[in-house]
Amino acid sequence: AFYAFPNIEGTGRPSAEVADRLLEEAGVAVLSGTAFGRHGEGYLRLSYANSEPNLRLALERMRPVFERLAG
């Protein structure tokens, strides 16, 4: 599998909260960085071992969630 580990500290929210909101509001499952220890706070783990159309759809679904977090 292939993974990205983006920094989400700019949201000002714990990574577990952001992961939960992405699942609940966008239907996109990601893993909180804290699943890898306390130094993972502020990060999410995303798998991108999928088709390009599915990845684009996931990003489109995630965008409004991040926009709400930023607002």
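View 1. R21 is buried, at 18% relative accessible area (buried is under 20%, exposed over 50%, partly exposed in between, with a 1.4 Å probe and protein chains only). This is a predicted model, where local features need pLDDT of at least 70, side-chain atom pairs count only at pLDDT 80 or more, and totals for chains, interfaces and linings use all residues. Residues are numbered from 1 along each chain as its sequence is written, and side-chain values use heavy atoms, leaving out hydrogens and water. R21 meets E25 in a salt bridge at 2.8 Å, N to O (a Lys or Arg side-chain nitrogen within 4 Å of an Asp or Glu carboxyl oxygen). The two sit four residues apart in α1, about one turn of the helix; helices (H or I, at least four residues) and strands (E, at least two) are DSSP runs, numbered from the N terminus.

**View 2. E25 reaches across to helix α2.** E25 also forms a salt bridge with R68, again 2.8 Å from N to O. This pair links distant parts of the chain, with E25 in α1 and R68 in α2, 43 residues apart. R68 is partly exposed because its relative accessible area is 45%. Shared partners join R21, E25 and R68 into one network.

**View 3. The buried side of α1.** Here S15, V18, A19, R21, L22 and A26 are buried. They share one side of α1, since they cover an arc of only 165 degrees around the axis (taken from the directions from the helix axis to the C-beta atoms). The buried residues of α1 pack against β2, β3 and α2, with contact meaning heavy atoms within 4.5 Å.
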